[in-house]
Amino acid sequence: MGGGPTHLTSSSSTSTIKVLIVDDSQMICQRLFQILGSAADIEVVGIAHDPYDAREKIKRLHPDVLTLDIEMPRMDGFEVARQVRHDDRLSKLPIVMISSRTGEKHKEHASELGVDKFLGKPFQENELLATIDELVSGS
């Protein structure tokens, strides 16, 4: 896939779920892009490698779902989640936190901040896809 990942979806789909991937690991971003891009109803609208880029892309790209890592440079994913939840225009944006930090304190903190779902790394592809579908469909 030359030119960098920006879109992978069926152009005939009218109910495409737009996802923004936020993770500082190029390897994780590529893996998420492959998994999400293989789903007919999902479009990866962008990838952000740091929280500042993420904030700008959230506002510009209007994703339906945000995947978010905890550990990133300059600002962690918890702070990004906090800012999203305190922005009236973004407060209902579903957030799937995907992290290697899977301790109960991390999960609890994410939940307190309003993160919708917490997945540990490594994650199961089918669980990720089902989670996104569930969050968008409101099930």
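Read along the sequence, the protein follows the pattern β-α-β-α-β-α-β-α-β-α. The predicted model contains 5 helices and 5 strands. The average pLDDT of the protein is 89, and 89% of the residues score at least 70. Residues 1-13 fall below 50. In the model this stretch still makes 22 contacts beyond near neighbours in sequence. Where pLDDT is low, the predicted coordinates should not be read in detail. Among the elements, strand S3 (residues 65-68) has the highest mean pLDDT, 98. Helix H2 (residues 51-61) has the lowest, at 93.

The 5 strands form an open sheet. Their order is S2-S1-S3-S4-S5, and the pairing is parallel. Strands of a sheet pair through backbone hydrogen bonds, either parallel or antiparallel. Strand S2 (42-48) and strand S5 (117-120) are the edge strands, each pairing on one side only. On average, neighbouring strands of this sheet are turned by 20 degrees against each other, direction ignored. S3 and strand S4 (residues 95-99) run parallel and are joined by 3 bridges.

Helix H3 (residues 77-85) lies across S3 and S4. H3 runs at about 175 degrees to S4.

Of the contacts with a separation of 6 or more, 64% are between residues 24 or more positions apart. The protein has 139 residues, and buried residues make up 45% of them. The accessible surface comes to about 7,400 Å². Carbon and sulfur atoms account for 47% of that surface.

In soluble globular proteins, nonpolar side chains tend to be buried together. Here, the largest nonpolar core has 24 residues. The residues with the most contacts inside this core are Val22, Ile58, Leu66, Leu68, Val84, Ile95 and Met97. S1, S2, H2, S3, H3 and S4 each give two or more residues to the core. H3 supplies the largest share, 4 residues. Val22 touches Ala48, Ala54, Leu66, Thr67, Leu68, Asp69 and Met72, leaving out residues up to four places away in sequence. A second, separate core has 21 residues. Val19, Phe33, Val65 and Leu119 are among them.

Phe33 belongs to helix H1. Phe33 counts as buried because its relative accessible area is 6%, which is under the 20% limit. The C-alpha atoms of Phe33 and Gly46 are separated by 9.3 Å. These two residues are 13 residues apart along the chain. His106 lies in helix H4 (residues 104-112). With a relative accessible area of 16%, His106 is also under that limit and therefore buried. Apart from neighbours within four places in sequence, His106 is in contact with Ile70, Phe78, Arg101 and Phe118.

Most residues other than glycine have a negative phi, and most peptide bonds are trans. His62 is an exception in phi, with a positive value near 50 degrees. His62 sits in the loop between H2 and S3. Arg74 is not a glycine either, yet its phi is positive, about 70 degrees. The loop between S3 and H3 holds Arg74. Arg74 counts as exposed because its relative accessibility is 64%, over the 50% cut-off. A cis peptide bond joins Lys121 and Pro122, with omega about -5 degrees. Pro122 is in the loop between S5 and helix H5 (125-137).

Terms used
Residues are numbered from 1 along each chain as its sequence is written. This is a predicted model: local features need pLDDT of at least 70, side-chain atom pairs count only at pLDDT 80 or more; totals for chains, interfaces and linings use all residues. Side-chain values use heavy atoms; hydrogens and water are left out. pLDDT is the predictor's confidence in each residue, from 0 to 100. Contact means heavy atoms within 4.5 Å. Two strands pair if DSSP finds at least two bridges between them. Axes are lines fitted to C-alpha atoms, for helices over the stretch in contact, and angles run from 0 to 180 degrees between N-to-C directions. Buried means under 20% relative accessible area, exposed over 50%, partly exposed in between (1.4 Å probe, protein chains only). Accessible areas come from the Shrake-Rupley method with a 1.4 Å probe; for residues, only the protein chains shown count as cover. A nonpolar core is a set of buried Ala, Val, Leu, Ile, Met, Phe, Trp, Tyr and Cys residues joined through side-chain atoms within 4.5 Å.
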